[in-house]
Amino acid sequence: MFWTLLLAHLIADYPLQSSWMVRAKRTLGGLTLHVAIHIVVMLILVGPALPQVWLPLAAIALVHFALDAGKMSSYAGARTGSSAAIWPIRPYT
């Protein structure tokens with residue numbers, strides 16, 4: 001299951017994440033759409049195993065949302081020169 005979820009993440013973060021999505025993730029709606037795409041890809045790939053893994057998938061989605069929200073806040077701080085920016089990498093393009 002780990003490899004399936006890793007594949008889902010890679011699919012959702014690279015081929016399915018356009019430059020528009022990277023910019024949109026800075027808003028609540030864009031971030032919600034980004035995480036929804038991750039959820040859909042995970043659901044497609046886990047297929048029949050969904051009844052056994054729906055709770056971990058929900059937890060993964062919540063953690064993903066929180067982490068990306070934190071990264072976006074850090075990016076905003078980096079652009080304004082704030083010392084609160086602790087995430088040294090740029091978003092995927």
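Analyst: Handedness first: a crossing is left-handed if the near helix is turned anticlockwise from the far one by less than a right angle, and right-handed if clockwise. Helices are DSSP runs (H or I, at least four residues), numbered from the N terminus. Here, H1 and H3 cross right-handed. This is a predicted model: local features need pLDDT of at least 70, side-chain atom pairs pLDDT 80 or more, while totals for chains, interfaces and linings use all residues. Residues count from 1 along each chain, and side-chain values use heavy atoms, without hydrogens or water.

User: At what angle do H1 and H3 pack?

Analyst: About 140°, with axes 9 Å apart.

User: Which residues of H1 and H3 meet?

Analyst: Contact means heavy atoms within 4.5 Å. From H1, the residues include Leu5, Ala8, His9 and Ala12. From H3, they include His34, His38, Val41 and Leu45. The contact has 10 nonpolar residues, four polar and one charged.

User: What lines the largest pocket?

Analyst: A pocket is an open set of 1 Å grid points that fit a 1.4 Å probe, with protein on both sides within 12 Å along at least five of seven lines; lining residues have an atom within 4 Å of a point. The largest pocket has 19 lining residues. His9, Asp13, His38, Ile60 and His64 lie nearest its centre. H1 (2-13), H3 (28-46) and H4 (50-80) each supply at least two lining residues. H4 gives the most, seven.

Terms used
Axes are lines fitted to C-alpha atoms, for helices over the stretch in contact, and angles run from 0 to 180 degrees between N-to-C directions. Ala, Val, Leu, Ile, Met, Phe, Trp, Tyr, Cys and Pro count as nonpolar, Asp, Glu, Lys and Arg as charged, and the others, Gly among them, as polar.
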